Amino acid sequence: MHNLFKNRKSVRSFEPKFQITDSQVKEILTAGMVAPSGMNLKEYEFVVVKDKDTLKKLSGLGQYQAFLADCSAAIIVVSTEGRFWIEDCSLAVGYMMLEAVNQGLSSCWANVRKDDGDREALVRKILNIPDDRRVLCALAIGKAAASPSPHTEDEYNKSKVHEEKW
């Protein structure tokens, strides 16, 4: 297994004083933009948030999003509600997470999309995102406060694999 995959872990505790560079953010965004896309539509757009006051507001989205307050940047993943919007945005986030690891950074997905839409409405309001856009998630990026242990080959679970048929 490649080291990028081994070292990609969801980190919810970031060094609050670490500052990510514009160059690092651009490379992470570029990784997301080269991810596979249904019919190559690439309907995603991104809002990059570094402002600490705004990150603090976003951290109040729910009980599992508090870590957004201490990350260096959050990339909000937005799309029109096209045919493959969830898949396309999810793949872009996965690629961005791997590029963060490539740079020695950590990340964590903070879910925004909910069926009731309340959380999305709040993010749209905070970031002035148009009402005709869907918000999938906020990707928190920064330097981990502690180094998580890497994944291992032992995590392969044969019981999850079915050969030829169920």
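What covers the buried residues of H5? The cover includes strand E1 (44-49), H3, strand E2 (73-79), strand E3 (106-111) and strand E4 (134-142). Here contact means heavy atoms within 4.5 Å, and buried means under 20% relative accessible area, exposed over 50%, with partly exposed in between (1.4 Å probe, protein chains only). Helices (H or I, at least four residues) and strands (E, at least two) are DSSP runs, numbered from the N terminus.

This is a predicted model in which local features need pLDDT of at least 70 and side-chain atom pairs count only at pLDDT 80 or more, while totals for chains, interfaces and linings use all residues. Residues are numbered from 1 along each chain as its sequence is written, and side-chain values use heavy atoms, with hydrogens and water left out.

| Class | Residues of H5 |
|---|---|
| Buried (under 20%) | Arg 119, Glu 120, Val 123, Arg 124, Leu 127 |
| Exposed (over 50%) | Asp 118, Lys 125 |

The buried residues of H5 fall within an arc of 140° seen down its axis, so they line one face of the helix. Asp 118 and Lys 125 are on the other side of H5.

Helix H3 (residues 52-59) packs with helix H5 (residues 118-127) at about 165°, the axes being 10 Å apart. The two helices are therefore roughly antiparallel (over 145 degrees). In this contact, Thr 54, Lys 57 and Leu 58 of H3 meet Val 123, Ile 126 and Leu 127 of H5. Just after H5, Asn 128 takes a positive phi of about 60°.

Note on methods:
Axes fitted to C-alpha atoms, helices over the stretch in contact; angles between N-to-C directions. Parallel < 35°, antiparallel > 145°, perpendicular 65-115°, else oblique. Arc of directions from axis to C-beta.
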